[in-house]
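Dear colleague,

I am handing over the structure we spoke about, and my notes on it follow below. Please read them with the model open beside you.

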Amino acid sequence: MKAGIRVLFGIIGSLAIINNSLLLVVIFRNRALLKTPYNRLVLSLAITDLITGIGIFVTPSYIIGPDSIKVSSGGFGQFFCRVIYSQYLVFTLGIVSVYTVACMAMDRWLAVVRPTKYKTILTKSRVNICVLCVWILSVLLNAPHLMEITATSGSDRKEQCLWIVLTGGTTRRVVAFLEFVGKFFLPLLVAAVTLVSIYNHVKSSPALFQTNRGKAGLRLLRMCLLTAVILGVSWFPNQLYYLLFKYDITRMDTPLHHFTVFMCMFNSCVNPLIYCLSNKMYRRYFTLLLCPWHRARVTEMEMTACDSVSRANEIRPTQTIGPSEASVTNMAIA
């Protein structure tokens, strides 16, 4: 890999660590955010992207070079080759990101299409279990790759990481196709279908989403949509390239292959920017964190906005909120 590409990976890794660290600070300084299921998923995705940024620096193939680290003998050498050197860590984190985005899309679908059941289905404990299941599933889906490399002694009696071909022919191709579907295509398909369903629901009831709460909900939905689209665009070239490699159509360690990997890693640093640009709440929190001298101005604007929302959405005590109104409310507060 050329030096220029290594520099770019270094920049991406640094931005991933910085951006997601700032996002975590924003979330933990405003713990009220964690009361909603959607923001708990945002927290999980931020942690995933932060670890990915660290993984970019410790994976030899990206920045320091595959021959720059001496492989130890014994169990640590096996761990290094199978988990770090093989890129198992960063690509498992990528699977976690894809499934987390699918969960975020399903969260929005429940908030909009099944508003009366939203709070009873997505409790804090269930969201935590969902996040845990996503991590376990991602580790298991990528587990076969742990067996494709091992630490062994070379001709000079030095330990080195050696790739192993486990399957060939039709078996290799079938396994590759199933991996492509399970790791990438299926969760992205779920996200796409749910977001299209949400769009049709919003389109069928446009008047409900013209209120202040409705507009806030649409901004949150836009944030979810942008996150899903950019993740899909970032990861699809690499996953397709790897599938074609298993079919003996493409080759590894080419400039095109390096570009697809760069696209994958690039995704780890953009989500905080998406939240900041597409959602007023996150933009306000980032402003207060990075520009504390604007605190008085931001607070004044926030109070003015709250007064406007209160007047616009004032409901009499005897008024009952129906499913449509609940849909708008869930979109705004989740």
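Accessible areas here come from the Shrake-Rupley method with a 1.4 Å probe, and for residues only the protein chains shown count as cover. On that basis the protein exposes about 17500 Å², of which carbon and sulfur atoms supply 67%.

This is a predicted model, in which local features need pLDDT of at least 70 and side-chain atom pairs count only at pLDDT 80 or more, while totals for chains, interfaces and linings use all residues. Residues are numbered from 1 along each chain as its sequence is written, and side-chain values use heavy atoms, with hydrogens and water left out.

Overall architecture

The secondary structure comes to 13 helices and 2 strands, where helices (H or I, at least four residues) and strands (E, at least two) are DSSP runs numbered from the N terminus. Of the 334 residues in the protein, 44% are buried; buried means under 20% relative accessible area, exposed means over 50%, and partly exposed lies in between, with a 1.4 Å probe and protein chains only. Taking contact as heavy atoms within 4.5 Å, 78% of the contacts between residues at least 6 apart in sequence join residues at least 24 apart.

The cores

A nonpolar core is a set of buried Ala, Val, Leu, Ile, Met, Phe, Trp, Tyr and Cys residues joined through side-chain atoms within 4.5 Å. The largest one has 61 residues, and L23, V42, Y62, M104, M265, Y275 and Y282 are those with the most contacts inside it. Helix α4 (residues 88–113) gives the largest share of this core, 12 residues. Apart from this core lies another, of 11 residues, including I84, Y85, L146 and A151. When its neighbours within four places in sequence are left aside, V42 is in contact with L23, I27, M104, Y275 and Y282.

Helix α4 is mostly covered, with 23 of its 26 residues buried, and from its first C-alpha to its last it reaches 37 Å, close to the 38 Å expected at 1.5 Å a residue (the expected span is 1.5 Å times one less than the number of residues). In helix α3 (residues 75–85), the residues G77, F80, C81, V83, I84 and Y85 are buried, and the buried residues of α3 pack against α2 (37–58), α4, β1 (149–153) and β2 (159–163). Just after α3, Q87 takes a positive phi of about 70°.

H258 is found in helix α9 and counts as buried because its relative accessibility is 12%. Although H258 and Y62 are 196 residues apart along the chain, their C-alpha atoms are separated by 9.2 Å.

The surface and a loop

M106, F185, L186, L189, V190 and V193 form a nonpolar patch on the surface, with about 490 Å² of accessible area together. Patches are made of residues with over 30% relative accessible area and no salt bridge, like charges being joined within 9 Å and nonpolar side chains (Val, Leu, Ile, Met, Phe, Trp, Tyr) within 5 Å; a salt bridge is a side-chain nitrogen of Lys or Arg within 4 Å of a carboxyl oxygen of Asp or Glu. Helix α7 (residues 169–204) supplies the largest share of the patch, 5 residues. L189, found in α7, counts as partly exposed because its relative accessibility is 38%.

D248 lies in the loop between α8 (212–246) and α9 (255–266), and D253 lies in the loop between α8 and α9. D248 has a positive phi of about 60° although it is not a glycine, and D253 likewise has a positive phi of about 60° without being a glycine. D248 counts as exposed because its relative accessibility is 59%, and D253 counts as exposed because its relative accessibility is 61%.

With best wishes
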